[in-house]
Amino acid sequence: MVSVFDVAKYILEKQGRMSTWKLQKLCYYSQAWHFTWTERRLIEEDFQAWRNGPVCPELFFAHQGKFMIESKDLPKGDAKKLNDDEIESVDRVLEDYGELEPYYLRELTHEESPWINARHGLDKEAEGHEVITLESMGEFYGAQIYG
């Protein structure tokens, strides 16, 4: 298992400079799909159901105050820590989501049950810090594959 910073470094090295919103969503989808495909956690840190979609707080606090980010802006993380299976998962996520706009990714997560269920009972403008569980990710994204 790798850290969110390792995955973020890999994504930034592969895709280049991007918004912090987009980076957060790509890391989230990497976690969700890797778990769905392998039944193993990719990223050791959790994602929470924040107002603007899934967010890993540790990553957020490392890039807080920045709108755009590139690999050199992250104080830690090593893309070389990802093994072949992890790279394959992240690469598949980047193929499917990597060209999408940050706002579209945000809206997409807002339509999916892992984020919706973690925010159950919260006003749409409430901050919210409930963890989006791996189980909810696996159930939802697995249903996308197996119908």
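Start with two tyrosines: tyrosine 29 is buried, and tyrosine 97 is buried too. Buried here means under 20% relative accessible area, exposed means over 50%, and partly exposed lies in between, with a 1.4 Å probe and protein chains only. The model is predicted: local features need pLDDT of at least 70, side-chain atom pairs count only at pLDDT 80 or more, and totals for chains, interfaces and linings use all residues. Residues are numbered from 1 along each chain as its sequence is written, and side-chain values use heavy atoms, with hydrogens and water left out.

The count of aromatic pairs comes to ten. Rings of Phe, Tyr and Trp (its six-membered ring) pair if their centres lie within 6.5 Å; planes under 30 degrees apart are stacked, over 60 edge-to-face, and the rest tilted. Tyrosine 29 and tyrosine 97 are stacked, at 4.1 Å centre to centre and 15 degrees between the planes. Tyrosine 29 belongs to helix α2 and tyrosine 97 to helix α4, so their pair ties together parts 68 residues apart in sequence. Helices (H or I, at least four residues) and strands (E, at least two) are DSSP runs, numbered from the N terminus.

Phenylalanine 140 and tyrosine 141 pair edge-to-face, with 4.9 Å between centres and 85 degrees between planes. Phenylalanine 140 counts as buried because its relative accessibility is 19%. Tyrosine 141, at 1%, also counts as buried. Ring pairs link Tyr28, Tyr29, Trp33, Trp37, Phe47, Tyr97, Phe140 and Tyr141 into a cluster.

One ring of that cluster, tryptophan 37, has the charged end of arginine 92 over it, 4.0 Å from the ring centre. The rule asks for NZ of Lys or CZ of Arg within 6 Å of the ring centre and within 35 degrees of the ring normal.

Now look at histidine 34, which is placed in helix α2. Is histidine 34 buried or exposed? Its relative accessibility is 1%, so histidine 34 counts as buried. Beyond its neighbours within four places in sequence, histidine 34 contacts Tyr29, Glu39, Arg40, Arg41, Leu42, Asp85, Glu86 and Ser89. Contact means heavy atoms within 4.5 Å.

Glutamate 39 lies in the loop between α2 and β2 (48-50). Glutamate 39 has a positive phi of about 60 degrees, although it is not a glycine. Most residues other than glycine have a negative phi. At 66% relative accessibility, glutamate 39 counts as exposed.

Arginine 51 sits in the loop between β2 and β3. Arginine 51 is partly exposed, with a relative accessible area of 26%.

Arg106 and His110 are among the buried residues of helix α5 (residues 102-110). Cover for the buried residues of α5 includes β1 (18-19), α2, β3 (53-55), α4 (84-97) and α6 (113-118).

End at the largest pocket, with a volume of about 160 Å³. Its lining includes Arg51, Trp21, Trp50, Phe60 and Glu127. A pocket is an open set of points on a 1 Å grid over the protein atoms alone, where a 1.4 Å probe fits, with protein on both sides within 12 Å along at least five of seven lines; lining residues have an atom within 4 Å of a point. Helix α2 gives the most to the lining, with four residues.

Notes. Grid points are joined across faces, edges and corners, and a volume is the space filled by probe spheres set on the points.
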